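Me: I'd like to go through this protein with you and ask where the labels come from. Can you take me through it step by step?

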Amino acid sequence: MWNNQPNKRPGSPIAGIVIPILIYWGMNFLVDVVVVGAYMAARVQELMRAYESQAALQAFMEQTMTFALSHSTEITSAAAILTLPFYIYMMRKDERYRKLFTVPEPDPWKVPVWKYLFPAILGITAGIALNNILILSNISSISAAYQTTAEGLYAAPLPVEVIGLGVLIPILEECLYRGVIFRRLRDLMDAKKAILFSALIFAVVHGNIVQFLYAFVFGLILSYVYETFESIKAPIVLHCAANLCSVVLTACNGYGWIFRTPLRMGIVTVVCAFVASVFFVQIRNMEHSKKMLQNY
């Protein structure tokens with residue numbers, strides 16, 4: 001089980017949180033530059049002609065940015081593949097350091113494999129319910145950044161979205177925001193504060209009001225699930241399930257079907273919220289069992 005006493009890492013705690021995020025941002029920027037550079041190199045003659053007038057050059061640059069935006073999923077997925085080894089290394093290095101300062105538990109906390117269905121179902125139902133609530137609030141209509149981001153992410157072919165948005169990016173984000181950042185915060189403070197601060201960080205980096213609200217709620221849930229299961233696999237399962245469900249519903253116009261009538265929308269939202277609460281309670285009961293085992 002995780003040691004509850006503070007376990008301070010050498011160096012600045014702030015740097016231990018900020019640097020991993022900057023690595024991911026830097027890799028995204030690098031991949032973006034490579035893609036844009038390749039696009040412009042393939043159209044070098046068109047680019048040279050565009051220099052003949054300011055309007056033509058502006059039109060070419062807008063076309064280039066549109067191309068990059070329409071491949072946001074591919075760019076982010078490539079950055080995830082390139083960055084993931086760094087976070088796996090950080091997680092393993094952190095764990096080796098923790099073992100130097102903690103006493104191993106005689107009976108480590110282990111969760112049966114079948115209970116990983118709890119975070120999967122929680123991710124699907126909570127994702128649908130929260131997405132419906134945000135759509136009803138009409139916040140997305142006042143956030144141009146969210147609309148631009150959503151259009152770019154869901155412009156890729158479905159197989160790319162499934163692999164990228166549904167698998168690669170959730171695994172990367174869980175290793176970064178839970179495996180590295182949450183665990184480092186957890187070394188410095190109690191679980192409640194670490195869950196709150198890690199969720200705030202997860203929300204802020206998403207950059208617009210809609211994703212901030214969505215990511216903050218999910219950040220709380222993901223960190224709590226990680227704290228309960230004591231395994232990075234649990235939040236990965238939850239995150240992948242939520243994203244895969246969103247990808248499938250978007251591709252099949254599932255949200256259009258849900259919002260076709262107010263009654264259907266209300267029923268789906270209430271049912272999903274209820275199911276999500278049931279499985280959250282199941283996970284909370286696991287937390288109570290863990291505390292009883294710790295006290296025993």
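Me: How many residues in the lining of the largest pocket are nonpolar, polar and charged?

Reply: Keep in mind that this is a predicted model. The lining divides into 28 nonpolar residues, 16 polar ones and two charged ones. That lining has 46 residues, and T149, A150, L153, H206 and Q211 lie nearest the pocket's centre. The volume of this pocket is about 1700 Å³.

Me: Which helix gives the most to the lining of the largest pocket?

Reply: That's helix α10, residues 233–251, with seven residues in the lining.

Me: What span should α10 have, and what is the distance between its end C-alpha atoms?

Reply: Count 1.5 Å a residue, and the 19 residues of α10 should span 27 Å. The C-alpha atoms at its ends are 27 Å apart, so the two values agree.

Me: Why is E230 called buried?

Reply: Buried means under 20% relative accessible area. E230 has 16% relative accessibility, so it counts as buried.

Me: Now the rings. How many aromatic pairs are there?

Reply: The count comes to nine aromatic pairs.

Me: Why is the pair of Y39 and F67 called stacked?

Reply: Two rings pair if their centres lie within 6.5 Å, and planes under 30 degrees apart count as stacked. For Y39 and F67 the centres are 4.3 Å apart and the planes are at 25°, so the pair is stacked.

Me: What makes you say that this pair ties parts of the chain together?

Reply: Y39 lies in helix α1 and F67 in helix α3, so the pair ties together parts that are 28 residues apart in sequence.

Me: Are Y39 and F67 buried or partly exposed?

Reply: Y39 has a relative accessible area of 6%, so it is buried. F67 has 26% relative accessibility, so it counts as partly exposed.

Me: What kind of aromatic pair do Y116 and F229 form?

Reply: A tilted one, with 5.0 Å from centre to centre and 50° between the planes. Planes under 30 degrees apart would count as stacked and planes over 60 as edge-to-face, so the rest are called tilted. Y116 lies in the loop between α4 and α5, while F229 is in helix α9, so this pair ties together parts that are 113 residues apart in sequence. Both Y116 and F229 are buried.

Me: Which residues form an aromatic cluster, and where does the charged end of R178 sit?

Reply: W114, F118 and F279 form one aromatic cluster. The charged end of R178 sits over the ring of F202, 4.3 Å from its centre.

Me: How do you know that V271 counts as partly exposed?

Reply: Partly exposed is what falls between the 20% limit for buried and the 50% limit for exposed. V271 has 45% relative accessibility, so it counts as partly exposed. V271 is found in helix α12. Its C-alpha atom is separated by 8.4 Å from that of A129, although V271 and A129 are 142 residues apart along the chain.

Me: How many helices and strands are there in the protein?

Reply: Twelve helices and zero strands. Of the protein's 296 residues, 44% count as buried.

Conventions:
Residues are numbered from 1 along each chain as its sequence is written. This is a predicted model: local features need pLDDT of at least 70, side-chain atom pairs count only at pLDDT 80 or more; totals for chains, interfaces and linings use all residues. Side-chain values use heavy atoms; hydrogens and water are left out. On a 1 Å grid over the protein atoms alone, a cavity is a set of points where a 1.4 Å probe fits but cannot get out, and a pocket is an open set with protein on both sides within 12 Å along at least five of seven lines; lining residues have an atom within 4 Å of a point. Grid points are joined across faces, edges and corners, and a volume is the space filled by probe spheres set on the points. Helices (H or I, at least four residues) and strands (E, at least two) are DSSP runs, numbered from the N terminus. Ala, Val, Leu, Ile, Met, Phe, Trp, Tyr, Cys and Pro count as nonpolar, Asp, Glu, Lys and Arg as charged, and the others, Gly among them, as polar. The expected span of a helix is 1.5 Å times one less than its number of residues. Rings of Phe, Tyr and Trp (its six-membered ring) pair if their centres lie within 6.5 Å; planes under 30 degrees apart count as stacked, over 60 as edge-to-face and the rest as tilted. Buried means under 20% relative accessible area, exposed over 50%, partly exposed in between (1.4 Å probe, protein chains only). A charge sits over a ring if NZ of Lys or CZ of Arg is within 6 Å of the ring centre and within 35 degrees of the ring normal.
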